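Work through the exercises below with the sequence and the coordinates at hand. Try each task before reading its solution.

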Amino acid sequence: MSFPGRKSGPVPDVDGALRTTQRLTGWGRTAPTTATVLHTQDLDVIAEAVRTAGPRGVIARGLGRSYGDPAQNAGGLVVDMTALDRIHDIDVDAATADVDAGCSLDQLLRAVVPHGLWVPVLPGTRQVTVGGAIGADIHGGNHHTQGTFTRHVLSLDLLTADGQVRTLTPDGPDRDLFLATTGGMGLTGIVLRAKIRLDRVETSYFIADVEQTPDFDDMLERLQKNDENYTYSKTWFDSVTTGPHMGRGFLLRGSSAKLSDLPPELRKDPLKFDAPQLASFPDLFPSGMLNRLSAKALNEFYYRKSKTKSGVVQNITQFYHLLDLFADWNRAYGPNGFLQYQFVVPLDRTDVLKASMEAIVESGHISALNVLKRFGDANDAPLSFPTRGWTLAVDLPVRKGLDQLCDLLDEMVLDAGGRLYLAKDSRTTADRFARMYPELPAWRTVRDQVDPERKFSSDQARRLQLVRD
């Protein structure tokens, strides 16, 4: 997959690698910057590039699915990791996989599912690299039962600023560096390879319950009653409709389907990885296509089609990755792009969920993709986003006044003791981020020990002052 934006032609270097000058954005297609991008499979070349990085430093980049600027490095070096995508070993007996960091979760799933194995934690898309999943410490709709992705990482190989490769484990002598790397957005080094613990499954399908909810209060009440009975749980809600049905939506919850759950026609090939892609969005859409009228129609259609039903068998696309049906779906927002605003607040602060939704509606800004989930306990990684509470994510097209709305939402989140997600953030301030993550100084201490010359940097790192001179 190519990076969003424009690039120059390849320039072969004496080491056989390719270096291109490339205009990069995140998935939200905002705040483009230009960097030199290194394309190579040669680990020695990557190590030398890190050792000799210039004053703007270096950062790794996978498939570009972070929404903001963590995989951009204006005026510096970006290492394209997608060529390092080898699956070294699948140990069926031990239920583990040893993979390169540039391997995508889609690629990994397609390799392990025929063996009755499953990647324990998946985000809203499979088009994420293993290295990116570790750097962002991604979560999915099963955080309340499975935690984050790195809970299932048994070891990782990290290329550090001195050009050396260190193998880290969650309980080894470099535990602090392992934790700083998980959720550290690539700022401790470049993850080259990882060994991952997998789950065992009887089928590649899910058994799901769908519950239509008439308003936001009803949705929250149902989630608090029996969410723990499901392995996976998420909701969609309508943020356009006002009045008594504000926040209407549906709950989609379920578990991995057993062989006995499948109808006869699916039992013939229960481990078939049924994940089609229908089309790719062309880069032709103008900004402003998502307006109140179009969003209202889309919300109405989505709400009406999601009738209450139980025990429904669904494939991974239907249950988990609906947007993966369409490649480059971010183009639908037009050239101005969009941002995804995602936060978590404690379980007793449902008032903030309602207030934030009301603020969006009253602002006149539109979000058609809205997801509410409940997180389980946090892990020990200082910059890992999930903590016990409610997490809300909304997609907002970029237009005039959006910065003021997000500033207001930031203060609501801060007042509630909540935080934003680095993999989604594209515009908050260093001061606000530091207040949201009180363990930031401890993370900086570990990071500075492994990279005293501040070689690893990014647009996001500079904006949020994660790496200080």
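The model is predicted, and local features need pLDDT of at least 70, side-chain atom pairs count only at pLDDT 80 or more, while totals for chains, interfaces and linings use all residues. Residues are numbered from 1 along each chain as its sequence is written, and side-chain values use heavy atoms, with hydrogens and water left out.

**Exercise 1.** Determine with which strands β9 pairs, and in which sense.

Solution. Strands are DSSP runs of E with at least two residues, helices are runs of H or I with at least four, and both are numbered from the N terminus. Two strands pair if DSSP finds at least two bridges between them.

Step 1. Locate β9 at residues 153-159; five of its seven residues are buried, where buried means under 20% relative accessible area, exposed over 50%, and partly exposed in between (1.4 Å probe, protein chains only).

Step 2. Take strand β11, residues 190-197: six bridges join it to β9 in the antiparallel sense.

Step 3. Take strand β10, residues 165-168, which pairs with β9 over four bridges, in the antiparallel sense. Here Leu 156 is opposite Leu 168. The hairpin of β9 and β10 has five residues between the strands, and Gly 163 in this hairpin has a positive phi near 85°.

**Exercise 2.** Identify the residues that touch the most other members of the largest nonpolar core.

Solution. A nonpolar core is a set of buried Ala, Val, Leu, Ile, Met, Phe, Trp, Tyr and Cys residues joined through side-chain atoms within 4.5 Å.

Step 1. The largest core has 122 residues, and the members touching the most others are Trp 118, Phe 149, Tyr 341 and Leu 372.

Step 2. For Trp 118, set aside neighbours within four places in sequence; its contacts (heavy atoms within 4.5 Å) then include Leu 109, Leu 198, Asp 199, Tyr 232, Phe 273 and Ile 316.

Step 3. A second, separate core has five residues, among them Trp 27, Tyr 67, Trp 329 and Phe 338.

**Exercise 3.** Describe the linings of the two cavities of 30 Å³ or more.

Solution. On a 1 Å grid over the protein atoms alone, a cavity is a set of points where a 1.4 Å probe fits but cannot get out, and lining residues have an atom within 4 Å of a point. Grid points are joined across faces, edges and corners, and a volume is the space filled by probe spheres set on the points.

Step 1. The largest cavity holds about 60 Å³. Strand β19 (residues 338-345) gives the largest share of its lining, four residues. The lining of the largest cavity has four nonpolar, three polar and three charged residues. In these classes Ala, Val, Leu, Ile, Met, Phe, Trp, Tyr, Cys and Pro count as nonpolar, Asp, Glu, Lys and Arg as charged, and the others, Gly among them, as polar.

Step 2. The second largest cavity holds about 30 Å³. Tyr 341, Phe 343, Ser 356, Ile 360, Leu 392, Val 394 and Leu 409 line the second largest cavity, and by class six are nonpolar, one is polar and none is charged.

**Exercise 4.** Why do Arg 29 and Ala 95 count as buried?

Solution. Step 1. Arg 29 lies in the loop between β2 (18-24) and β3 (33-39), with a positive phi near 65°. Arg 29 counts as buried because its relative accessibility is 18%.

Step 1. Ala 95 is in the loop between β6 (87-91) and β7 (96-100), with a positive phi near 55°. Ala 95 counts as buried because its relative accessibility is 5%.

Key: 1 Å grid on protein atoms, 1.4 Å probe; cavity = no way out; pocket = protein on both sides within 12 Å on 5 of 7 lines; lining within 4 Å.
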